[in-house]
Amino acid sequence: QIVMGYAGQISFGQPAFMAVGAFCSAVLTLKYNLAFWWALPLSGVAAGIVGIIGGAPSLRIKGFYLAMATIAIFYVTMWVITHLKITGLAQGLSPPPPKIGNFVFDTDERMYYIILIVTAILTFFARNLARSRIGRIFVAIRDNDLAAEAMGVNLYYYKLLAFFISCFYAGIAGSLLGHWYMLVNAEQFTMLHSLVYVGMIIIL
């Protein structure tokens, strides 16, 4: 919604950034024994950084060409993930469930509360972002990027910012998904999911 709904930039790469977040969180908790509560925000940052790396050259174009570029980002990212030993290659990883002390969030009911709280927090920030100066700039870029640029808006910077925030959210979602399923595999993140996400934006 942030990158497509507010900023008006077409992106089909969200599942890849979810995968980055999921694998990053799994690697941090499995191989580096980092607590889930630290791995969760770091997975969002990692997905945001990957989004910037992929989006930096892509955001100089728009429309159909941007859509094709984000599809390319999706396939390149997934290819890299499935060819790295640290991510378990094609087999994937099995991250541990979150826990607080001796209380383990290892059931659907327990994970529900974590997902609900994180969703509420991120929704709160997204709603406030939409009402802020940055949100209004995103909408101005979406409505007429030439007029926004004429008013002094740095189009490239704000497009990249929207892409980073969107990828950060995707990374958080991927981390939650991986620890909920306690399994992270490339087959969980496909181009079909991207079409579903775009459809959700259009319908809702």
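**Exercise 1. Find which helices shape the largest pocket, and describe its lining.**

Solution. Start with the helices: α1 (2-6), α2 (14-30), α5 (108-131), α8 (155-181) and α9 (191-203) each supply at least two residues of the lining of the largest pocket, and among the contributors α8 gives the most, with eight residues. This is a predicted model, in which local features need pLDDT of at least 70 and side-chain atom pairs count only at pLDDT 80 or more, while totals for chains, interfaces and linings use all residues. Residues are numbered from 1 along each chain as its sequence is written, and side-chain values use heavy atoms, with hydrogens and water left out.

Next, take the space itself, which has a volume of about 1,000 Å³. Of the 29 residues that line this largest pocket, Q1, Q14, Y169, A173 and M200 are the closest to its centre. Here a pocket is an open set of points on a 1 Å grid over the protein atoms alone, where a 1.4 Å probe fits, with protein on both sides within 12 Å along at least five of seven lines, and lining residues have an atom within 4 Å of a point.

Finally, sort the lining by class: 21 residues are nonpolar, seven are polar and one is charged.

**Exercise 2. Work out how α2 and α9 are arranged against each other.**

Solution. The two helices α2 and α9 pack at an angle of about 115°, and their axes are 8 Å apart. Therefore α2 is roughly perpendicular to α9 (a word that covers angles of 65 to 115 degrees). From α2 the contact (heavy atoms within 4.5 Å) draws on Q14, P15 and M18, and from α9 on H193, S194 and Y197. These residues divide into three nonpolar, three polar and no charged.

**Exercise 3. Decide whether S43 is buried or exposed, and list its contacts.**

Solution. First locate S43, which has its place in helix α3. Because its relative accessibility is 0%, S43 counts as buried (under 20% relative accessible area, with a 1.4 Å probe and protein chains only). Then, leaving aside neighbours within four places in sequence, S43 is in contact with G21, C24, S25, G171, I172 and S175.

How values were computed. Grid points are joined across faces, edges and corners, and a volume is the space filled by probe spheres set on the points. Helices (H or I, at least four residues) and strands (E, at least two) are DSSP runs, numbered from the N terminus. Ala, Val, Leu, Ile, Met, Phe, Trp, Tyr, Cys and Pro count as nonpolar, Asp, Glu, Lys and Arg as charged, and the others, Gly among them, as polar. Axes are lines fitted to C-alpha atoms, for helices over the stretch in contact, and angles run from 0 to 180 degrees between N-to-C directions. Angles under 35 degrees count as roughly parallel, over 145 as roughly antiparallel, 65 to 115 as roughly perpendicular and the rest as oblique. Buried means under 20% relative accessible area, exposed over 50%, partly exposed in between (1.4 Å probe, protein chains only).
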